[in-house]
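Open the model in your viewer and get ready to select residues. This tour tells you where to click and what is there.

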Amino acid sequence: MKQAKLLTPEEQKRVNALLDAHRYSARNRAIFAFSYFAGLRACEIAALKVGDVFDADGNARDTVYLAATQTKGDEACTVLVSKRLHKALASYAATYPRHISKQNAPLFFSAKHGGFSAQTIVNLFARFYALAGIKGASSHSGRRQFLTELADKGVNVRVIQALARHKDISTTQRYIDYNESKLRNAIELI
């Protein structure tokens, strides 16, 4: 099975520069943040409602609860909001305060002010990766990067499995990238 590409730090900078230069930079930053800092899938990002992420006062929640209908596995789940994701959400709320006041509206809106489908989220990721000249990256790259970085920082694979919302730990293990440098660092721990 072909894996989504992990981005190098230089590639991440290129994508971020493109996101910042775009007309909907706060929106796009928040979409990418859900992928890279919470590991959400495109279908889950598309299914988010304003009220899932922001309270009635427009403050970002520290926990997002996804209903079974909003997830890939048709099981309700909890997504924890990190400081980095919270920062992107605060910027989004500050940029679009009127939109954030509509609790039942889709969280992310298109240029035509409708919500995104899972496919349009996939297309958005593909568009920015193509503009950045990155081949092999997809809407799943952020999710894979999220899980790999947790593993690189020594987080237990069972914790990573819970954050990934995987039923089987072997699925989680397929997401985590390793290379010779990581293997060499591991043996030097002894």
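**Stop 1: a charged pair**

Select E11: at a relative accessible area of 12% it is buried, where buried means under 20% relative accessible area, exposed over 50% and partly exposed in between, with a 1.4 Å probe and protein chains only. Before going on, note that this is a predicted model, where local features need pLDDT of at least 70, side-chain atom pairs count only at pLDDT 80 or more, and totals for chains, interfaces and linings use all residues. Residues are numbered from 1 along each chain as its sequence is written, and side-chain values use heavy atoms, with hydrogens and water left out.

The term means a side-chain nitrogen of Lys or Arg within 4 Å of a carboxyl oxygen of Asp or Glu. K5 is partly exposed, at 23% relative accessibility. The whole structure holds five salt bridges.

**Stop 2: a network**

Select R41, E44 and R165. Salt bridges link these residues in a network. Start with R41 and E44: their closest N and O atoms are 2.8 Å apart. Then go from E44 to R165, where the N to O distance is 2.5 Å. This second pair links distant parts of the chain, 121 residues apart. E44 sits in helix 3 (residues 42-47), and R165 lies in the loop between helix 9 (157-164) and helix 10 (169-175). Helices here are DSSP runs (H or I, at least four residues), numbered from the N terminus.

Are these residues buried or exposed? R41 is buried at 10%, E44 is buried at 0%, and R165 is buried at 18%.

**Stop 3: helix 2 and its partners**

Select helix 2 (residues 25-38) and helix 8 (residues 141-152). Their axes come within 6 Å and cross at roughly 35 degrees. Axes are lines fitted to C-alpha atoms, for helices over the stretch in contact, and angles run from 0 to 180 degrees between N-to-C directions. Show S35, Y36, F37 and A38 against S141, G142, R143, Q145 and F146; here the two helices meet, with contact meaning heavy atoms within 4.5 Å.

The axes of helix 2 and helix 7 come within 11 Å and cross at roughly 100 degrees. That makes the two helices roughly perpendicular, a label for angles of 65 to 115 degrees. On helix 2, pick residues including I31 and F32; on helix 7, the contact includes L124 and F128.

Conventions. Parallel < 35°, antiparallel > 145°, perpendicular 65-115°, else oblique.
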